[in-house]
Amino acid sequence: MGTIWLHIGSPKTGTTSLQTFLNVNETRLRAEGGLNYMQAGRSHVAHNELAANARIGTTGPLFDAILAEADAQPDAQHVISSEMLFNPHVARKLTAAIPKAMQGRTKLICYIRRQDSYLEALYKQFLKNGRIPPDREAFLAKAPKLIRYWDVIDGYGQVLGPENVVLRPFSPTHLAQGDMVMDFADQLGVELPEDLDRDEGFANKTFSAEMSEALAIMGEVTDFRTRQVIRELIALQHPGTIRSRDVFTGAQRVALMESMTPETEKLIKTYLPDHADFFRYDDIDLSEESAAEESRQQLKDRAAAMEAILKAIGNLHARRLQDSETTAEDPSTVAPAESEAEIEPESEEDAPVLPTWYSEIYPAGPRNGWFHKFDDYSCSFVERSSAQLVVSFDNLSQAGNPNTAREPWAQKFCADRDYSQLGVYAQSSTWFRNAGLIAHLNVLRDAGFFKRFDAVSFVGTSMGAFGAVTFSSLAPGATVVAFSPQTTLDSAEVPWEKRFAKGRAADWTLPYSDAALQTSEASKVYLIYDPFHAGDRAHIDRLSGDNLIHLKGFGLGHKSALVLNRMDALKTVMEGGVQGTLTEESFYKTIRARKSIYLYRKNIEGYLDARGQPERRAKFTAAFKTYRRSLKNA
């Protein structure tokens with residue numbers, strides 16, 4: 001029978017490129033290369049479900065599915081890949097649960113960087129994600145907690161056997177053909193067809209340390225998103241901002257490698273006897289001339305980083321001004337940042353700013369609660385009262401927010417009303433298509449979590465509204481408040497949906513993939529949408545049932561919740577929806593104020609333009625301005 005290979009990373013060793021290659025070419029690899037990129041436990045490109053289930057002790061059914069798939073293709077080499085498996089805790093939990101029938105046919109493969117290179121890559125990654133302040137010495141002091149090669153590798157090796165662990169140095173001189181994908185195939189004994197789709201080769205360009213630190217500072221003191229600025233910097237290709245091996249001085253790197261000697265010797269002896277040279281660090285120049293050159297280069301990199309980031313922010317700011325279009329006409333109507341909570345306040349002594357919900361459930365906090373993470377998704381729970389639970393879901397504007405002060409959608413709304421809240425966070429715009437998250441929500445349902453509350457409501461907008469509607473079936477009898485929801489992005493069900501490319505590319509074979517199938521057990525489903533918006537209306541038309549309450553916000557556009565917020569009406573609508581008292585009559589009275597909102601004007605103008613009615617557009621715009629002036633005069 002074919003071997004089952006566990007590929008566990010490590011981080012920063014081309015894992016995503018390998019997974020993408022295996023995913024894009026899986027059909028041909030299976031048919032022509034004898035390599036099966038396993039479907040069991042894989043959500044899109046990675047098998048993160050396996051790690052997520054290992055953490056909570058629910059791997060049994062997944063292991064059964066893996067073995068069944070392997071048995072169905074006995075001549076193939078089977079691959080499971082997830083960086084989440086590169087973790088000492090996961091290693092212990094997974095190997096303790098792995099079936100005997102699987103142990104004898106499983107091998108581990110892992111790629112690692114030399115320790116100083118790995119720590120440098122982590123430092124830049126953490127800076128980019130806003131997880132740490134720019135402090136190289138403080139980060140270096142944490143090296144023993146961050147570099148745990150032995151704990152992870154030997155955690156698997158003790159169960160699978162050292163002979164079944166393939167540890168590979170991640171460097172061009174040690175990889176077959178200097179290429180990670182080719183090396184991976186070589187280790188598995190698989191011959192790859194020559195014309196498979198491939199990304200770029202080994203090149204792993206990163207921003208300089210000075211550029212990475214400038215990005216971290218920018219994320220703290222401006223309202224520009226780090227990813228947005230990074231995309232602009234990549235487009236600029238400013239000279240002097242790409243560099244490697246520039247985080248620590250030569251002396252610091254040597255000291256780090258010396259401190260790693262005991263672990264390195266164990267790794268070489270047990271798992272890398274043929275590659276002792278990989279850990280040699282006599283290439284590090286400790287001369288005075290080298291130290292002086294490092295200082296000079298640091299000053300050059302700092303100047304280049306400052307110039308590049310100012311250009312990038314300048315370009316982005318210019319586009320913001322263009323997008324506002326009529327700032328001169330009425331500055332008060334220009335939309336602020338859609339998620340102002342994303343701008344972190346200054347913190348004392350550069351300590352990370354913590355979210356408000358954490359202050360309620362931290363060890364000395366007044367309330368019970370918890371936090372769980374599943375790849376790009378997370379859940380936090382704060383128990384404030386047994387009378388009302390609100391389950392909220394992130395929208396697209398929140399996805400990818402790296403700040404430590406991360407709040408779930410509607411956090412303040414719930415806290416102010418003493419509602420318990422289960423917040424579902426998204427770091428990726430993949431519409432909650434994550435097996436670990438879904439498994440966790442099912443576990444909560446099966447454990448009776450939702451039944452503990454007198455009333456349960458599911459809330460969200462756009463992507464979050466999809467989550468609210470589709471997961472509402474977890475708690476029969478719940479109310480749903482959905483602003484501009486989608487029902488699915490499965491192209492087989494909605495071939496006409498051309499928005500949300502990343503969401504459409506997600507794994508829609510997972511459960512809870514069609515909200516149209518999940519609404520029958522809700523008590524009330526409030527659908528707040530703009531009937532003039534064709535894309536949103538098409539999703540609404542897929543829903544049916546006597547429990548649906550259609551609240552038509554003509555002119556609210558896709559960002560219906562945002563327009564309501566500008567009208568100071570969002571809390572009123574939300575409160576009525578959560579309590580089940582919201583009616584069509586009260587809703588329409590509430591949204592009369594939309595006729596003075598700039599976003600309403602732009603939405604209606606857009607609809608009239610799309611219909612080819614320039615005369616009506618001109619009349620509408622004139623009427624809007626007249627009405628606004630009358631309000632000001634009054």
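## A covered helix, H20

In helix H20, the buried residues are Met463, Gly464, Ala465, Phe466, Gly467, Ala468, Val469 and Thr470, where buried means under 20% relative accessible area, exposed means over 50% and partly exposed lies in between, with a 1.4 Å probe and protein chains only. The helix spans residues 463-470 and is mostly covered, with eight of its eight residues buried. Its buried residues pack against strand S8 (388-393), strand S9, strand S10 (455-461) and strand S11 (479-483), contact being counted when heavy atoms lie within 4.5 Å. Helices (H or I, at least four residues) and strands (E, at least two) are DSSP runs that are numbered from the N terminus.

## Basis of the model

This is a predicted model, in which local features need pLDDT of at least 70 and side-chain atom pairs count only at pLDDT 80 or more, while totals for chains, interfaces and linings use all residues. Residues are numbered from 1 along each chain as its sequence is written, and side-chain values use heavy atoms, with hydrogens and water left out.

## Overall dimensions and surface

The secondary structure of the protein comes to 27 helices and 13 strands. The radius of gyration is 27 Å, close to the 26 Å that the globule rule gives for 634 residues, so the protein is as compact as a globular protein of that length; the radius is taken over C-alpha atoms, and the rule is 2.2 Å times the number of residues to the power 0.38. Along the principal axes, the C-alpha atoms fill a box of roughly 80 × 60 × 55 Å.

Of the 634 residues, 54% count as buried, and among contacts with a separation of 6 or more, residues 24 or more positions apart account for 76%. The protein exposes about 29000 Å², of which carbon and sulfur atoms supply 51%, the accessible areas coming from the Shrake-Rupley method with a 1.4 Å probe and, for residues, only the protein chains shown counting as cover. The mean positions of the 72 positive and 83 negative charges are 6 Å apart. Lys and Arg count as positive and Asp and Glu as negative, whereas His and the chain ends are not counted; the place of a charge is taken as NZ of Lys, CZ of Arg, CG of Asp or CD of Glu.

Helix H19 (residues 435-446) has twelve residues and reaches 16 Å from its first C-alpha to its last, close to the 16 Å expected at 1.5 Å a residue, the expected span being 1.5 Å times one less than the number of residues. Nine of the twelve residues are buried, so H19 is largely enclosed by the rest of the structure. The buried residues are Ala435, Gly436, Leu437, Ile438, Ala439, His440, Leu441, Asn442 and Leu444, and what covers them includes helix H3 (48-56), strand S6 (368-374), strand S7 (377-383) and strand S9 (420-426).

The loop between S9 and H19 holds Trp431 and also Phe432. Phi of Trp431 is near 55 degrees, a positive value in a residue other than glycine, and Phe432 likewise has a positive phi, of about 60 degrees, although it is not a glycine. Trp431 counts as buried at 1% relative accessibility, and Phe432 counts as buried at 0%.

## A cis peptide bond

Gly9 and Ser10 are joined by a cis peptide bond with omega of about 5 degrees. Ser10 is placed in the loop between strand S1 (4-7) and helix H1 (15-24).

## Selected buried side chains

Asp536 lies in helix H22 (residues 534-540) and counts as buried at 0% relative accessibility. Leaving aside residues up to four places away in sequence, Asp536 touches Ser484, Gln486, Arg499 and His558. Asp536 and Ser484 are 52 residues apart in sequence, and their C-alpha atoms are 6.2 Å apart in space.

Glu213, in helix H12 (residues 209-221), counts as buried at 12% relative accessibility. Beyond its neighbours within four places in sequence, Glu213 is in contact with Tyr123, Leu127, Pro134 and Arg136, and its C-alpha lies 9.9 Å from that of Gly130, 83 residues apart in sequence. Leu608, found in helix H26 (residues 598-610), counts as buried at 7% relative accessibility. Not counting residues up to four places away in sequence, Leu608 touches Gln613, Arg616, Arg617 and Phe620, whereas the C-alpha atoms of Leu608 and Thr20, 588 residues apart along the chain, are separated by 43 Å.
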